[in-house]
Amino acid sequence: MNINALSEVELARYYMVEQQIRPWYVEDEKVLQALFDVPREHFVPPAFKGMAFADTEIPLIIDAVDTNEYMLKPVIEARLAVELNLKPTDGVLEIGTGSGYQAALLARLAQQVTSVEINSTLAAFATENLQRQHVQNVNVEIGDAHEGWGTTEYDAILLTGSVPVVPDALKYQLCIGGRLVAVVGRSPVMTAMRITRTSAASFETTPLFDTVIKPLRGSRVTRFQF
């Protein structure tokens with residue numbers, strides 16, 4: 001790649017991937033390519049576009065409404081995508097849509113993504129972002145999925161907020177061989193974990209890395225689909 005020929009935005013994206021993300025044990029070329037292909041700047045609230053490639057969380061303030069949620073740091077988004085070990089045929093459940101950027105990354109790596117967001121303002125924002133980028137294999141739904149979502153079994157499940165423990169109901173929504181990735185614990189001590197369903201009633205848990213992210217919100221609301 002001739003970085004001298006890149007635009008200012010593409011150069012910022014290049015440095016995000018090569019200086020922030022790749023050194024943090026993100027070596028999967030499919031994930032790295034997705035990071036180049038999905039325009040993160042188009043999923044950031046307009047007031048924060050200048051921070052699109054920064055190594056920081058970005059407040060999700062939509063039309064002057066503070067949702068009290070954040071886009072995760074790019075390195076965390078990338079690492080979570082890597083740890084799911086996605087295949088092109090996988091069906092994915094994402095809990096916590098946020099801006100829709102993580103779902104767009106997953107959509108590049110899997111066949112279908114169902115993303116559930118408890119905040120209707122964020123769900124609408126994410127849906128608009130995904131549609132604008134012509135991402136057709138993500139369904140955004142509104143509701144509380146922190147203890148499961150419907151009866152479908154998934155090849156992979158991602159929680160984009162932390163939980164004190166992973167609810168059993170979510171683990172049992174994995175197919176045999178399915179992987180769930182979540183940040184588990186309470187601040188200031190949290191660890192990203194991958195839980196793999198090895199049989200009908202057995203699970204294998206693998207600690208991945210230490211981090212701290214905002215807790216997953218959870219309260220019962222009516223299920224609705226755009």
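In which handedness of crossing does H3 pass H4? In this predicted model, local features need pLDDT of at least 70, side-chain atom pairs count only at pLDDT 80 or more, and totals for chains, interfaces and linings use all residues. Residues are numbered from 1 along each chain as its sequence is written, and side-chain values use heavy atoms, with hydrogens and water left out.

The crossing of H3 past H4 is right-handed (the near helix is turned clockwise from the far one by less than a right angle). The axes of helix H3 (residues 74-83) and helix H4 (residues 101-109) come within 10 Å and cross at roughly 35°, where axes are lines fitted to C-alpha atoms, for helices over the stretch in contact, and angles run from 0 to 180 degrees between N-to-C directions. Helices (H or I, at least four residues) and strands (E, at least two) are DSSP runs, numbered from the N terminus. From H3, Glu77, Leu80 and Ala81 meet Tyr101, Gln102, Leu105, Leu106 and Leu109 of H4, contact meaning heavy atoms within 4.5 Å.

Across the whole structure, a search finds five aromatic pairs (rings of Phe, Tyr and Trp, the last by its six-membered ring, with centres within 6.5 Å; planes under 30 degrees apart count as stacked, over 60 as edge-to-face and the rest as tilted). The ring centres of tryptophan 24 and phenylalanine 209 are 5.0 Å apart and their planes stand at 70°, so the pair is edge-to-face. Because tryptophan 24 lies in the loop between helix H1 (8-21) and helix H2 (29-37), and phenylalanine 209 in strand E9 (residues 203-210), the pair ties together parts that are 185 residues apart in sequence.
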